[in-house]
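Hi there,

As promised, I am handing over the structure we talked about. Please open it alongside this email, and then read on for what turned up.

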Amino acid sequence: MKLMTGNHGSEPKKVIIGIDGVPVDLIRDLADRGRMPNVESLLSEGEMSAMRAAIPEISNVNWSSIVTGKNPGEHGIFGFTDLIKGTYTINFPDRRALKASPFWEDEERRYVILNVPAMYPAPEINGIFVSGFVSPQLGKAVSPDSTLNVLEKMDYQVDVDSEKAHKSKRLFLDQLFETLEKREKAYKHFWEEKWDVFMLVFTGSDRLEHFLFDAYIDEEHEYHERFVEYFEEVDRIIGDIVDRLGEDDELVMLSDHGMELIKENVNLNKVLEDEGILKTGNKPSERYRNIREGTKAFVLDPGRVYLNKKDKYPRGKVGKDEEEVFLDEIMDVFEELVCDGEKVIEEVHRKDEIYFGEEVERAPDLVLTPASGYNLKGSMRYEDVFEQNVFKGKHTLNDAFLYSKNSDLPEEPKVEDVRNLIDD
Amino acid sequence: MSDGKLHNADNTCWNCPAAKFRGNVDFRGCGQSRRIVPKGEDKQLMIECRRRDELGHFEPNITFEQCPEWEKMEYGYMLKNMKVMILGMDGYLGWTLSLWLANRGFEVSGIDDYTRRDCVMEKGSHTVVPIPRMTKKLEAARDELDITLNFRKMDLNDRKKLREFIEEVKPESIVHYAEIPSPPYSMVDAEHAIEVQRNNVLGTLGLLHIMRDVVPMTSLLKLGTMGEYGSPLTGRPLFEGLFPNDAILEWNDREWSLGGEMTPRDPHSFYHVSKVQDTYNVYEACKYWWLRSYDIMQGIIYGVHTDEVAAHPDLRTRLDYDEWFGTVINRFVTQAVHGIPLTIYGEGEQIRGMIALQDAMECMTRLIVSPPEPGQYDVVNQVSGLHKIKDVAETVAEVGNEKFDLDVTIQRLENPRVEAEKHPMEVVSRKLPQEHGFDPKVSMEKEVERMFDLLTKEEIKKRIKEKKHVIMPRTRWSGEKKESGVLEVYKPGEKEKGGYEGRLDTE
């Protein structure tokens, strides 16, 4: 029996479920193994396809493309970090930096938007909005204000404290399940509101995979079962949502990027420093302020290369007439980068090749996409080019997933195409 | 500064009161951690800016030079319309600084409950430079200088009211002048000693708690005094509050570094003790709650002039000359005008750090625009010169005799205080000149001349005469109430110079 909600009128409703960072193969695998039975049955009813993420394949870039239907050159979000104009100071662009309109700005429809990443602080919309990560203050992550009280009562958490994962995987997992439980409570509460579009994103999946993707791959891993159990829980909640849908209601499911095991972390700034392209102060520092005179280029996470332009940065070196020469030089350096005889960089994109729109001027001059298993890093604190750390999983570009129960999917879908499914 | 940069050009958001600390982010795994951990591998401490919401979250290292909210002014980069709250706005320094800052574009608010007026009146004296009621002063500020001061009559110890006012204004810097600043007043009797310590120590302690709760990013400019250090007979340098990194304690053939530790304090009145207690309370608050403060060990201030207080008679700041609230040079000039021999205590070989009113205002401005880092308790010695009391008397007498045709003499009195009358003195005052770009502009002769100019006006001479009985000291540290006997009267220039010379170490 379908659990119909009181707000259902004649118009079909639309539900969008996001599962951050889940590769299409993982969801198919767990469905096939019977560990995600509700997803399995959905797959038999609708259509699923691999989806291409934005470049770079970072959550906030992807979600900005998903909700606006625009490429980064239009929405202006190029990564988790950016440099504040005229400085080497990093900022973390959030909704305030988004230059394109998300679908919820159409006031004709009423919304519940729960836990979409990179959308902090919460905008005022026709409906209810609860921001996803990164949301430092819950009070600014909710709209309208009256929602805060509801969430505080249920001890809602936007995100798991990833600091825990550095101390204890076990504690991290406990927190992850707890956060999911709160998310479920919140969705159930808001389901009873009036809405036309309901969007819920699970983000614990991304956290889980970053720290324990090896536990998924290795069935003997001590946390393999816990890893799969997390997805069983997600599946149970999806089943619960599906049960609440009417016949004509539409369901879209998606992830924003894929995930794979990290073979090596690659310190791209170390590569540039070794080539004399990046000059740093004597004291190692994670700050970009450590960039010194004579620097031609530097890298921001994950593989965004910026020319140190004269008119753009305090210690800028590169004049307009030199840009092409330096870009060619840097492209050569990265195209030749190898690890154990294997090419590390799959492709070097010039910004004009991958971005279009009014924000392109602010885009990185080059964006690198890595060969499989190489996690590109723009950190300013490094010892070697290649290194290992606590993280096991890294984002991938070509294997996010997109599912629709009711609509046809575009061929070779990209994150920007999701908006059409929401608007239709 | 040698490269032509303003002194605070390289300060960053880390120093800026507009920064709101939000926690650390670890973006390696698009993760988030909410705990504030100041240092950590690859973790970014992130802030939001109260003034530049569009920046979202960012690492706190935009420099003042780079930030459009900080604009160049005479004394460094200044946060546009920076909100400064002055506790003790009606006082000698509070009023002068209020006008000075407001005239330079700061948004100035302040409180006062007229304790100073009451204390001076209680001792049967009055300010020699007449000052009107606060309402009239505020009107004059508006009419003459076109500035508005947001003033509330309020006791520093009324914590409920003070908290409300701070919540309303959200000051970006707080200057704390609201203390009873008199050694002799604190030595009158038990009631006076207790009142001074209650007002000063408890007032500051309450303020620190309010700042923790309401404005933790705001810097506190807390007025201490050079008198906290005392005058060690060994001649040990008086460092700026904390020992420098290379200071070493050697004992019993062993050595320890003293770097960063608090230097010894040797107060010499219950008032000075209150200041030392404040020092420790502020130091602890910075440690516990990440507050930030400059403890300003101020030399003796003298003078009557800034362009603002001189702009109109109703804008003048008070000038006390009684034994309790009159500071040494201000008293000497008043005595000279009235025809009383200048009153030196004991040998007159005491060496003191001093600074003219206008120079002190410049120092305060430079410090206001260079807030310390979160959790930083910093100390500056604010003096422009070291002077022997009897030399100061000679200077005042010379200016009076040569430029104002007076016949000034000097008298040595029995010292009512317990203090060293002959001692070496080396003061380290490097931070203001080296880190904050301060260079004194007012010579003692020049300021003394300005004081004579003002104090020789007929209406002021009349006021001095009215209360001449408050000039001679009667408050003795021993508790006796007895006027000090005269040891000697002499003319300026009669005494040979000798003894210790003060040494001011600014480089």
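How many helices and strands does the secondary structure of chain B come to? There are 13 helices and 22 strands in chain B. Before you go further, please keep in mind that this is a predicted model.

**Chain B as a whole**

The radius of gyration of chain B is 23 Å, close to the 23 Å that the globule rule gives for 507 residues, so chain B is as compact as a globular protein of that length. Along the principal axes, its C-alpha atoms fill a box of roughly 80 × 70 × 50 Å. Of the 507 residues in chain B, 51% are buried. If you look at contacts in chain B between residues at least 6 apart in sequence, 79% of them join residues at least 24 apart.

Where the two meet, domain 1 of chain B puts in 11 residues and domain 2 of chain B puts in 14 residues. On the domain 1 side of that contact in chain B, six residues are nonpolar, four are polar and one is charged.

One residue of chain B to click on is Asn252(B), in the loop between strand E11 (248-251) and strand E12 (254-257) of chain B. Asn252(B) has a positive phi, near 55°, in a residue other than glycine. Is Asn252(B) buried or exposed? Asn252(B) counts as exposed because it has 5 other C-beta atoms within 10 Å, and the cut-off for exposed is 12 or fewer.

**Chain A: confidence and domains**

Now to chain A, where pLDDT averages 92 and 96% of the residues score at least 70. Where pLDDT is low, the predicted coordinates should not be read in detail.

Chain A also has two domains in the assignment: domain 1 (14-261 + 394-423) and domain 2 (264-387). Their C-alpha centres lie 30 Å apart in chain A. In the contact between them, 22 residues of domain 1 of chain A meet 26 residues of domain 2 of chain A. On the domain 1 side, the elements of chain A that give two or more residues are helix H4 (72-75) and strand E10 (258-261). H4(A) gives the most to that side, with three residues. By type, the residues on the domain 1 side in chain A are 11 nonpolar, six polar and five charged.

**Chain A: a helix and some loops**

Helix H7 (residues 169-191) of chain A has 23 residues and reaches 33 Å from its first C-alpha to its last, close to the 33 Å expected at 1.5 Å a residue. Which residues of H7(A) are buried? They are Phe172(A), Leu173(A), Gln175(A), Leu176(A), Thr179(A), Leu180(A), Arg183(A), Ala186(A), Tyr187(A) and Phe190(A).

Leu245(A) sits in the loop between helix H9 (224-244) and strand E9 (250-254) of chain A. Leu245(A) counts as buried because it has 21 C-beta neighbours inside 10 Å, and the cut-off for buried is 20 or more. From Leu245(A) to Val15(A) is 8.6 Å, C-alpha to C-alpha, although the two are 230 residues apart in sequence.

There are cis peptide bonds to look at as well. One joins Phe133(A) and Val134(A), with omega about 0°; Val134(A) is in the loop between strand E6 (127-131) and strand E7 (142-143) of chain A. Another cis peptide bond joins Ser143(A) and Pro144(A), again with omega about 0°, and Pro144(A) is in the loop between E7 and helix H5 (146-153) of chain A.

Finally, Asp340(A) lies in the loop between strand E14 (338-339) and strand E15 (342-343) of chain A. Asp340(A) has a positive phi of about 50°, although it is not a glycine. With 8 other C-beta atoms within 10 Å, Asp340(A) is exposed.

Key: Residues numbered from 1 in each chain as written. Chains lettered and ligands numbered in written order. Predicted model: local features only at pLDDT ≥ 70, side-chain atom pairs only at ≥ 80, totals over all residues. Helix = DSSP H or I, 4+ residues; strand = E, 2+ residues; numbered from the N terminus. Domains from an automatic or database assignment. Contact = placed C-beta atoms within 7 Å. Nonpolar A, V, L, I, M, F, W, Y, C, P; charged D, E, K, R; others polar. Expected span 1.5 Å × (residues − 1). Rg over C-alpha atoms; globule rule 2.2 N^0.38 Å. pLDDT = per-residue confidence, 0-100.
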